[in-house]
Structure formats: structure tokens, C-alpha cells
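Colleague: I have this model open and would like to go through it with you. Can we start with the strands?

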Amino acid sequence: MTTSDVTITEAGTPADRPLLEIRDLAITFNTSNGEVKAVRNAHLTIMPGETVAIVGESGSGKSTTALAAIGLLPGNGRVSGGQILLDGEDISHAPEKRMIELRGNTIGMVPQDPMSNLNPVWKIGYQVKETLQANGRPSGPEDIAKVLSEAGLPDSHRRAKQYPHEFSGGMRQRALIAIGLSCQPRLLIADEPTSALDVTVQRQILDHLEGMTSELGTAVLLITHDLGLAAERADKVVVMYRGQVVESGPSLELLQNPQHPYTKRLVESAPSLASRRIQVAKEQGVEAADLLAPAAVARAADNVLQIQDLRKVYKLRQGLGKSSDFAAVDGVSFDVLRGTTTAIVGESGSGKSTVAKMVLQLEKPTDGKILFDGVDTSLLKPSELFKFRRRVQPIFQDPYGSLDPMYNIFRTIEEPLRVHKIGNKASREKKVRELLDQVALPQSTMQRYPNELSGGQRQRVAIARALALDPEVIICDEAVSALDVLVQAQVLNLLADLQSNLGLTYLFITHDLAVVRQIADHVCVMEKGRLVETGSTDDVFDAPQQEYTQALLNAIPGAKLMLPPEVA
Amino acid sequence: MIQFILRRLLQVIPVFLGTTLLVYFMVFALPGDPIRALFGDRPPSEAVIAALRQQYNLDQPFWVQYGLFLKNLFTFNLGVDFTGQPIAATLGRVFPVTVMLAIEALVIQAVFGIGFGLIAGLRKGKIFDSSVLLASLVVIAIPIFVLGFVLQLVFGVYLGWAKPTVGTDVSWSTLLLPAFALALVSFAYVLRLTRASVIENSTADYVRTATAKGLSRPRVVMAHILRNSMIPVVTYLGASLGGLMGGAIVTEGIFNVPGVGQKLYQAILRSEGPTVVAIVSVLVLVFVIANLLVDLLYAWLDPRIRYEK
């Protein structure tokens, strides 16, 4: 960031003067292990009406920097150096009273997770109303409805009377955007505003946010881990790494010509920008492992899984003893070739996870068959089902929730071996050590507990646990969705390696088409319980047949950005 | 919603029958002859005993006795106890006293428990928090009969701020001291529950968002932290109401409060089946209705919960 253009002169017109300028910012957290500097020497300038994105992985200090700008650092954090200038006024140590004046009116915020950021016990309208009231704006029913409808919530009078749990994720995020912009702030801090949403919804919300802020002339500080999204939406991008700003500049320039090694890695691994399957990149010499090349190995048509006309109907209660049928999965058929990766993509509610659950025999299909190795799984006896579970293993989305916090890593990975009575104590320990090697974790990890590991490490543990029983098929339900881009790339590489070494078959459930592009051989696109398109990954991506698939592809952030081939 | 309430009220019937049957059976199975016990050292003639037995249906088998009790209950004829007093009149005399005591105790534990708990939770780890936590631990650890006597001795006898015993002089002010004694234990739990809940909610995302909206601190605390923290606390308070009604036996004994607890204790000692069962039946109703109210309150406090059917 050049700082020559930010000299503040009293005579300068507001348009010349930065709205927000962060200089040499340092933020320190007091933890039980002493002081931790979360942010050092951060620089940032936002001109009025400009959109600036901070990009980085979790723990990079990007959210901390943004929270400092609105005076919302957690209790143990403080600004230990530098300045935060809002319109020339240093607010880094402003009294709380001043910050309350600024919040809402001058600085608005759209938080990350729409599920947890609305108070569940108050009606949406009330939560808008108190914002308007606190900032001294008219707050009658008409004003509330106007705020909500401007954020793209139709039928806003009725919506205002509903509670957050009656809203979908996208609608909640619209409500949060409505609240953030309700008092027409000059600066909006948008902290990963769409990372919890489906891609198509993500696109709508971001488009709407962009429209609203440009109309109001609001400057936006966009926090994101997605470089593609940042480049597409922001005028300038600031890259943060381990608490420091490592690079900043105009979006496209930075993307096409990254200088700092970290930015280069970020650009390389950004899933939305990578356009080929992982092993192709590796064949170019990135890594010399011998990877599966589906075309090279002539395979007999060996379908390990055959899904035939699968249906799952749930009864929906509609009060007073009435119920209606809801088909979560409706007539889905596809085959999974041994040793390949098949991805099921779709938005939430498309039924993709229900398919996974039925394949795992965690839900019973209403209709249709699942053949595993040619055997109808619905006819399995309990003992055969037990053996089936050995051969088909899951990896779930949330590496925080799917590991027992009271079990150390050894016990976690050893548990399936013990349950299936495999080997003795010594041989099981040997196996756990091998598994940790396979997933590239140090053997010392065995004694540690899940809360001592990072998200990526935990997901490796989950993979090791899934591999413990030498399964043939692994079902990954959003297995990398919760991970940072770089970690995601590492885990995807690991999965690809394991597939080529062990001949595994993956069924990959995801909403992220960018991930599909990197890992899958075949794609099944699901919409509202139906399979709308299937085909090889290349075919589907290069020539999508269905409108829905096209919409999904267009919604990938940064998909339209053209990059020089050596970067992508 | 109405269906839910009706269904819950219908559930009262089996609960009521089950508890009364159980209590009736236990009183029936108590060793000793209640009629002979009435006369002490000078046994009456067998004819008198037989007549009394007949009067109180004690010569009938268990099922007949229980059936007669139910029949009387549904015709609102609770009968008379061994001293010849109508049981209905006894209930009418003792229940208002205990209800007053329970309400006073409930208010005390709600006001102080929530108040101290909120402040402690907002100042987690500070001196106020630590001392309140320690004090509440002491209160929880000491049995109520010790606490009751200490309160009676200090405030009633030494300081003379309140009457040490209640006796026949029942009023809100004379019941204050026993109500404090009764409230103390639940108060400590309410405090700890509120504190834990406030600490949890203080770090919730929506609290941060509320602050980011520009709300003042008092507004954030009241509308977002305290309001959400009340959900488990109110549930506990409602459930404790039943305990306050029935669990007052010790407190009523210490402070000589002529309430349900005292009467129930006497009736058990005398094996007065009908009186015991009548009191317990009313207590069962109180419990069931208190729980229903808690469920309704819970749905009102937390809109995510809706009772269907």
C-alpha cells in the first residue's frame, strides 16, 4: 500500500480524504500463555464509497483488524499500537460512548454467520426497530418494512413479524444486511457475509449488497478467505498472513501478478480459480506422486455402488394431525466406478446429504435400491451390515463436531479397530502409527486431544479414522467445506494421493463446484431431490446442459476472472 | 396451543390416580393401629374401637377404602380427620399460609438470584463474582435446618428484627424470615444458573451484533443478554415452586408456621390416611399445574419452541 496519497489536509474535500485509514495497527490478546500479538503493522486505506477486501486464512488477523475498526475486540484483546483513523479522527482508543455514537450510524456491520447473529427470541422487525431507535431514526412499522424490503425481503410487513428461525439462511443474511445498512452508515464492515450460504444464494446476496452500497455511496470493508470472491467484488485487495499485511493493491493486478510468496500460494490454491483436476497440476511437476489418471488406466465397468431409482419421502406435519409428503430424494439413479471419485453437487435442501445417509445405511430409502458390489444393501442381515460398515466409511463436514473431545487422537483412530475386533493392542497401535503417517501427521499427535489441533489437522484425523478399517468406499459429506483454502488444497491433495495409493472410491458430497472441479471424475448435479445432470466432470464444466447447472457454475466467485495460464 | 394445554391437563388424571394410590397404600401399610394410638395408655373397649373403625372405614379392605376415598373426593366430601375436624376446612386453613410463604420465597429467590447472578456473570472473575460464588457455595453446603436456626437466632432473637416464630400471627411481614430461610438454597442455584447463562450469552454472536448496531450497553444487557439468559432460569424457578410448597416441612417446623408442611407431618405421625392423601393430592395438583405453567412460559420465552397437538 502506498501511503503518499493519504496525507490528510484540512482543506481536502471529503472525496480526497480516506474514510478509514489504519496505520501501523497492532492488536494484542492477553491469553493464559501470555500476550499474543494477533495483528502487527497493519496498513489499510478505504476511500469513501470504495470496496476493499481483506483476504487471508483463519487466524490471519483479518477479522480482528475489522473488529478493531468498530471497537468490538473481544474482552482480552486491545489495540497496542498504531492508529485507526475514521475521517481523520483516531478511534483506536475512543471511549465507549463515542463508539456507541459511531456504530450503526457511521460504521455498520454485516456479520459472518446468519444462523447465530440474530437473537432467536426477538422478531426480525423488533431487531430492525431497535437499531433504528438506537440511532435516532424513525422506527414505525413502515420504516421497518422499507428497510427490510430494500434488502430484498419481499412481503416485508409479514416478514417483520416472524422470528429468525422461520427464515432460511439467505433470508437471515438479508435481514442482517438490512440491519447493517438501516442507518445508512458511511462504512460497512462485511465479515465473510456469505461464507455460510449456498453459491447461488451467495451470488444474489453479494449482488444485492453491491447494488445497495453503490447506491448509498457506502464504503465496504469486505473480509473473506476467498481470493476469487475478493477479486471479483473489491476495488482493492489486502492480503493478510499471520497478523501482517503482506501485500495490497488493485484487485486484478494483485491476482495476475502476486509478489509475496503467500499471495502466490493463495492464488494457486484458490479453488474458484483452479480449473483442473488435482493430478493434472501434479503431473506438471508440482508434486511427483504417481496419481490416478482415469483415462490412462483401462477399467472394466466395475461399479462398486449402483444407485437405482432411489427415493426418500419424509412426512411433514402440518398441524391438527394432517401431514403432507415431502420427497427429499426423488428417483435418483447413478453408478459409482471403483477407484474413481463421483461428486454429488447441489444447494442445501437438494437432497444430496440424504443420498449420502442412505448409502451409509443411516437412513432407510422409501423406494429404490442401493447395490454395493452387486448386493442389495437393504437385504443385509445385521451381521452383514456390520461388515458393510467396515467397507464403506464416512468423513463428515465438521472436524470440530465429529471428533469426541474427550478421546485423544490415538483412541479416536483406534476405536473402529477395537469395535471391529481387529488385531491386538500392539498391532492396533502400529496401525494407528501407519495411519498417521499416511495422512501426514506426526506420530506424537496420538497423545493429543482434538481441541489442540487445527481444523485441517482434525480433518486429517477424521480421514485416518475412516481409513483405519481399510475401506473400499469413502463418503465425504462436505469434508473440506469448513477448511481454509490452503488447508483445503492440502486435504484434497491428500485424498487424491490416498486414492491412487489405496485404490479408494470416493463419493463426494459438496455444494462447492470449485472443489468438484479439482477432485471428481464424475458429477451428479441435484436440484430439489432430483438428479438434473450427470456426466464426466470435464463435460459438465465445459458444456453444462441444464440451466440450473449453468447457474451454479456462474455463481462460483471469480469464475469470470480471466487469469494468465501460468497462474491458474 | 389449546390442544397442547388440554392434552397436558388430561395427563393430570393418571398422574393424580397413581400418586394418590401410592400414598394411600403407603399410609395403609404403616405399622401400628391408628385407632389404638389415639388413646395412648388407656385402651378403650373393643366395642368403641370397632365403632371408630367402622366410622373411618378402617375395617374395610384396602381397595374398598381407596374406592371410598375417591368417591368422596369426587363428591367434594373429604370427610373428617381423627379429631373430628372436616379435612376440607383444615386444607382451607393451611394451604393459604403455605402459598403465601412459597410466593414470598419465590419472589426473594427470583429477585436476588437473578440480580446477583446477572452482576456476577457480567463481572466474571472479578471480586464480586468470586465472593458471591463462594457465598452461594456455603449456602448450598449447609443444611436448611442449620441455616433456619441461625437466621432465627440472629435476626429473631439477637437483633430482634423479626418475630422468631410465626404461630397464629400469619402475615406477609411475619413470614418474611421463614421465607428467606426457605428461599436461600434455591436462591443459590438460581444465582449460579443465571450467572452461567449470562456468561454464555455474553459471548454470543447476536450480542456482538447488537452492540455493532449501536445499542447502548444497558440495552444490550437487558434485551439481549438477560432476556436470553432467563430461559433456563424461569424454567428452574417454576419447577422449584412445587418444591417450595412441599419442601417447607423443616422450615415450617423451625418457625412454627401453621402451614401444609406442619399439618402433613402431624398427619403422617398419626397415620391419618385421608388427611395425608388429601394434602398430597393438592400438592400433586400444584406440581402438575406448576409444570404446565413452566412449559407455557418456556414457549413464550423461547419462540423457537412451539407446542403442537
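Colleague: Which residue in β17(A) does A:Val392 stand opposite?

Modeller: A:Val392 stands opposite A:Val473 in β17(A). Before going on: this is a predicted model, where local features need pLDDT of at least 70, side-chain atom pairs count only at pLDDT 80 or more, and totals for chains, interfaces and linings use all residues. Residues are numbered from 1 along each chain as its sequence is written, while chains are lettered from A and ligands numbered from 1 in the order in which they are written.

Colleague: How many bridges pair β16(A) with β17, and in which sense?

Modeller: Four bridges, in the parallel sense, with β17 covering residues 473-477 of chain A. Two strands pair if DSSP finds at least two bridges between them. Strands are DSSP runs of E with at least two residues, helices are runs of H or I with at least four, and both are numbered from the N terminus.

Colleague: Which sheet do they belong to, and in what order?

Modeller: An open sheet of six strands in chain A, ordered β16-β17-β18-β13-β19-β20, with mixed pairing. The edges are β16 (392-395) and β20 (530-536) of chain A; each has a single partner strand, so one side of each has no neighbour in the sheet. From one strand to the next, the twist averages 15°.

Colleague: Is β13 of chain A mostly covered or exposed?

Modeller: Mostly covered: five of the five residues in β13(A), 341-345, are buried. Buried means 20 or more other C-beta atoms within 10 Å of the residue's own, exposed means 12 or fewer, and partly exposed is in between, with C-beta atoms placed from the backbone.

Colleague: Which residues are on which side?

Modeller: A:Thr341, A:Ala343 and A:Val345 are on one side of β13(A), with A:Thr342 and A:Ile344 on the other. In a regular strand, side chains alternate between the two faces of the sheet.

Colleague: Other sheet now. What is the order with β6 and β10 of chain A in it?

Modeller: That open sheet of chain A has six strands, β6-β7-β8-β3-β9-β10, and its pairing is mixed. β6 (107-110) and β10 (244-250) are the edge strands, each pairing on one side only. Neighbouring strands are turned by 20° against each other on average, direction ignored.

Colleague: What does β7(A) pair with?

Modeller: β6(A) runs parallel to β7(A) and is joined to it by four bridges. β8(A) is also parallel to β7(A), with five bridges. A:Ile107 has A:Leu187 of β7(A) as its bridge partner, and A:Asp191 stands opposite A:Ile223 in β8(A).

Colleague: How many of the residues of β7(A) are buried?

Modeller: Five of five, over residues 187-191. One side holds A:Leu187, A:Ile189 and A:Asp191, and the other A:Leu188 and A:Ala190.

Colleague: Which residues have the most contacts inside the largest nonpolar core?

Modeller: A:Ala69, A:Ala175, A:Ala178, A:Ile189, A:Leu221 and A:Leu507, in a core of 211 residues. Helix α8 (residues 176-202) of chain B gives the most to this core, with 13 residues. A nonpolar core is a set of buried Ala, Val, Leu, Ile, Met, Phe, Trp, Tyr and Cys residues joined through C-beta atoms within 7 Å.

Colleague: Last one. Why does A:Gly368 count as partly exposed?

Modeller: Because A:Gly368 has 18 C-beta neighbours inside 10 Å. A:Gly368 lies in strand β14 (residues 367-372) of chain A. Not counting residues up to four places away in sequence, A:Gly368 touches A:Gln308, A:Asp309, A:Leu310 and A:Arg311.

Note on methods
Axes are lines fitted to C-alpha atoms, for helices over the stretch in contact, and angles run from 0 to 180 degrees between N-to-C directions. Two residues are in contact if their C-beta atoms, placed from the backbone, lie within 7 Å.
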